Amino acid sequence: MKKKLIGISALSAALAISAAMPAFAGWFKDGDQWAYEYADGSRPKNASWFTDPDTKLEYYLDPDGHMMSGTTIEGFWLDDNGVKQEKSESQLALEEERRQRNANRNTPAKEQSLAKEAADKAKTTSMAASTTRFTYQTEMKALMDVIYIDTLKKINELGNSSVTRDIVENNLQTTYGFKAENRGIVINTTLWKSSNTKSVNYVPHVLEMSYNRSVPSTDEEAALFNDSFKRLLVASLGENQGNAVYERIFAEEVGNGAKFDVSGNTDTGNMYELSYRNNSASLTVTCSEIVPTPEEETAAGDETSENATDENAEGASGENTENAADGNAEGASGENTGNGASE
């Protein structure tokens, strides 16, 4: 009995000493892997970065709290001791290049957003400026809506016209046009939607337009459709090329049998082909698919600003010259009048 009491007393003393000793915190071997244990016996888990409270070195722990080593996590190399290694300058440069590339890469949502912005801008400039198919289509669709609705309104104001509007819109094309009863199509504009070159429905050119000058039956109709055609040319080719093509066509009289073919680039670098036969003009536009770099866009904007500044300066200079001339003339007139009165 005495021996039993001594044994219990020794065990109690040992437990008391153990409880009084501070708990251990640090790395320990868990099977064949390393893990970290806090002083309270808990362990960090849930796959995350871990900073050693003593050394301040960073490690990455798997979901079970085991140290990972000899691998890359989130672009950072973990050495054989599991310590996170800082990225080199070359790594940082590559990551930045990749980030920029991804930022510039078009996604369907981004492409639609950019196309909508371009279409809104096109309504203020009256021309489609994009060189990529989808955005150019979106710009032209917005401009066609404006021009064709305006043309329809003016036709209705004529009151006695037999011209009616014709629309075809599906997943392959958007076509707006006007046709005259018993006389055929006056003007027609089609946007071909498919961009898949392997599709049987693919058409290389994005836009196709025709205008038959001999269809309008009155001078009022002719003037109305001539103006609409000119607006559509500017919309699809740009102000410079649009006006140039219009002037080339209308240099010919209706019925003189003229025929010619013209090809060139739009104001923004797309390609166009024009054919004129039997008083009818046919135009196609093919997008270049060349997207200007941000630097090129900035340079173009700077050039536009410089041109505007030069024009303003020239205008001001001309105005000053005129004012000076008027002033001199007035002064001379006053002087002559004074001399005459004196005499």
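This is a predicted model: local features need pLDDT of at least 70, side-chain atom pairs count only at pLDDT 80 or more; totals for chains, interfaces and linings use all residues.
1. Helix 3, residues 108–125, meets helix 4, residues 133–158, with axes that come within 8 Å and cross at roughly 40°. Since angles under 35 degrees would count as roughly parallel, helix 3 and helix 4 are therefore described as oblique to each other, and their crossing is right-handed. On the helix 3 side the contact is formed by Glu-111, Gln-112, Ala-115, Ala-118, Ala-119, Ala-122 and Lys-123, while helix 4 contributes Phe-134, Thr-135, Thr-138, Glu-139, Ala-142 and Leu-143. Sorted by class, the residues of this contact between helix 3 and helix 4 are seven nonpolar, three polar and three charged.

2. Helix 4 also packs against helix 5, residues 219–237, here at an angle of about 170° and with the axes 10 Å apart. Angles over 145 degrees count as roughly antiparallel, and helix 4 is therefore roughly antiparallel to helix 5. From helix 4 the contact draws on residues including Tyr-136, Met-140, Leu-143, Met-144, Ile-147, Thr-151 and Leu-158, and from helix 5 on residues including Glu-220, Leu-224, Phe-225, Ser-228, Arg-231 and Leu-232. The contact of helix 4 with helix 5 comprises 13 nonpolar, three polar and six charged residues. Leu-143 of helix 4 is named in the contact with helix 3 and also in the contact with helix 5.

3. Helix 5 in turn packs against helix 6, residues 239–249, and the two axes come within 7 Å and cross at roughly 140°. Helix 5 and helix 6 are therefore oblique to each other, with a crossing that is right-handed. The residues involved are Asn-226, Phe-229, Lys-230, Leu-233, Val-234 and Leu-237 of helix 5, together with Glu-239, Gln-241, Gly-242, Asn-243, Val-245, Tyr-246 and Ile-249 of helix 6. By class, the contact of helix 5 with helix 6 holds seven nonpolar, four polar and two charged residues.

4. The second largest pocket contains about 190 Å³ of space, and helix 4 supplies the largest share of its lining, namely three residues. The lining consists of Arg-133, Phe-134, Gln-137, Lys-193, Ser-195, Thr-197, Tyr-202, Pro-204, Val-206, Thr-286, Cys-287 and Glu-289. In terms of class, five of the residues lining the second largest pocket are nonpolar, four are polar and three are charged.

Key:
Residues are numbered from 1 along each chain as its sequence is written. Side-chain values use heavy atoms; hydrogens and water are left out. Axes are lines fitted to C-alpha atoms, for helices over the stretch in contact, and angles run from 0 to 180 degrees between N-to-C directions. Helices (H or I, at least four residues) and strands (E, at least two) are DSSP runs, numbered from the N terminus. Angles under 35 degrees count as roughly parallel, over 145 as roughly antiparallel, 65 to 115 as roughly perpendicular and the rest as oblique. A crossing is left-handed if the near helix is turned anticlockwise from the far one by less than a right angle, and right-handed if clockwise. Contact means heavy atoms within 4.5 Å. Ala, Val, Leu, Ile, Met, Phe, Trp, Tyr, Cys and Pro count as nonpolar, Asp, Glu, Lys and Arg as charged, and the others, Gly among them, as polar. On a 1 Å grid over the protein atoms alone, a cavity is a set of points where a 1.4 Å probe fits but cannot get out, and a pocket is an open set with protein on both sides within 12 Å along at least five of seven lines; lining residues have an atom within 4 Å of a point. Grid points are joined across faces, edges and corners, and a volume is the space filled by probe spheres set on the points.
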